[in-house]
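Dear colleague,

Please find below the structure that I am handing over to you. My notes on what was found in it follow directly after.

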Amino acid sequence: MEAAMGLMRRIPPKQTETALSALLTLLPHHSSDLLSQVDQPLQVLCDVDQGKEFILCEYNRDADSYRSPWSNKYHPPLEDGTLPSLELRKLEVEANDIFAIYRDQYYEGGISSVYMWEDDNEGFVACFLIKKDGSKTGHGRRGYLQEGGWDAIHVIEVGPEEEGVAHYRLTSTVMLSLTTDNESSGTFSLSGSIRRQMDMSLSVAEGHLCNMGRMIEEMESKLRNSLDQVYFGKTKEMVCTLRPPAEVVMRLPDS
C-alpha cells in the first residue's frame, strides 16, 4: 500500500485514473483505501431537476450514485442514500451559494460544489470543490491554452464547539494540467499536484462559514504561490538555461 501511494504521488494528474484502475486490479483488497486516499481529477454531472452541474467525488458518493448539493437527491436515484441532518443541510445550502460567488470572483467561471456530513466526534466535515476548465472551449475561457484544468479539493474537519471555540483542520489538494500549441511556444505540456494541511482554533462568533472561508482563501493563495515557484518557476529556469531567449543570446559577448 505504501508503494502504491508513493507511485500515485508521482503520476501526472491526467494519468491518475488509468494508474488507479491498474492498481485496483493488482490490489483489490486495498480498493477502499486507494479510493479514499487517492485524489482524482474531478468529474461533473448535471442535476436535471435544478438545471445545474455539480462535481462528483468520494464525499458525495453512495454505492454508484452521487448526491447533488442543489436538490439533495442522488443521481441515479438511490432510496436509502446517506443525507446530512436538517441543520447541516441548511449550512450546506448557504455554503454552496457563498462559494459560487467566491468561485466567480477568483476563477472567472468554472463549477463549484460543497458537501457536508456528520463525523464520529460530535463535529462535522465539509468538502469544498472547484473545477475550472481553462481550455479554448472551456467556460470563462481566455483562449491561451489548448487544454487546461484546475481541480481544487478542500476538506475541513470541524471539531465540537468548546467555550465558543472550534478546531479546524483543512487538507487541500490542487491538481493542475495545461497544454499549449501555438507558433510562439510550440507544443508544451505541464501537469502536477500539490497538497497542504492547516490547523487552526477559531472563535465561532461569526459562524463556521466565515472561518472556513478565510482558511480556504489563505490556503489557495499559498498553493498558487507554491505552484508558481515549483512548476512554472523551475520550468522557466530549465527552458531558459537550455534555450536562452533571443534577446539574451544577442547580448552575449563574442567568444
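Domain bounds in this message come from an automatic or database domain assignment. On that basis the chain has domain 1 (1–29) and domain 2 (85–242), and the centres of the two, taken over C-alpha atoms, are 23 Å apart.

Two remarks on conventions are needed. This is a predicted model, in which local features need pLDDT of at least 70 and side-chain atom pairs count only at pLDDT 80 or more, while totals for chains, interfaces and linings use all residues. Residues are numbered from 1 along each chain as its sequence is written, and side-chain values use heavy atoms, with hydrogens and water left out.

Overall picture

The chain contains six helices and ten strands; these are DSSP runs numbered from the N terminus, with helices (H or I) of at least four residues and strands (E) of at least two. The C-alpha trace spans about 75 × 45 × 40 Å along its principal axes. Of the 255 residues, 40% are buried, where buried means under 20% relative accessible area, exposed over 50%, and partly exposed in between (1.4 Å probe, protein chains only). Contact is defined as heavy atoms within 4.5 Å. Among contacts between residues at least 6 apart in sequence, 51% join residues at least 24 apart.

In helix H1 (residues 2–9), the buried residues are Ala4, Met5, Gly6 and Met8. They pack against helix H2 (16–26) and helix H3 (31–37). Further along, strand E1 (residues 43–47) and strand E2 (residues 52–56) pair in the antiparallel sense over five bridges; a pair of strands requires at least two bridges found by DSSP. Leu45 has Phe54 of E2 as its bridge partner. Four residues lie between the strands of this hairpin, in which Gly51 takes a positive phi near 70°.

The nonpolar cores

A nonpolar core is a set of buried Ala, Val, Leu, Ile, Met, Phe, Trp, Tyr and Cys residues joined through side-chain atoms within 4.5 Å. The largest has 35 residues, of which Met116, Phe124, Phe128, Ile156, Tyr168 and Met212 touch the most other members. At least two residues of this core come from each of H4, strand E6 (111–118), strand E7 (124–133), strand E8 (147–158), strand E9 (165–182), strand E10 (186–203) and helix H5 (208–242). H5 gives the most, with eight residues. Another core, of 14 residues, lies apart from the largest one and includes Phe54, Trp70, Cys127 and Val155.

Not counting residues up to four places away in sequence, Asn96 touches Pro69, Trp70, Ser113 and Val114.

Asn225, in helix H5, is partly exposed because its relative accessibility is 44%. Asn225 and Glu237 are twelve residues apart in sequence and 16 Å apart in space, C-alpha to C-alpha.

With kind regards
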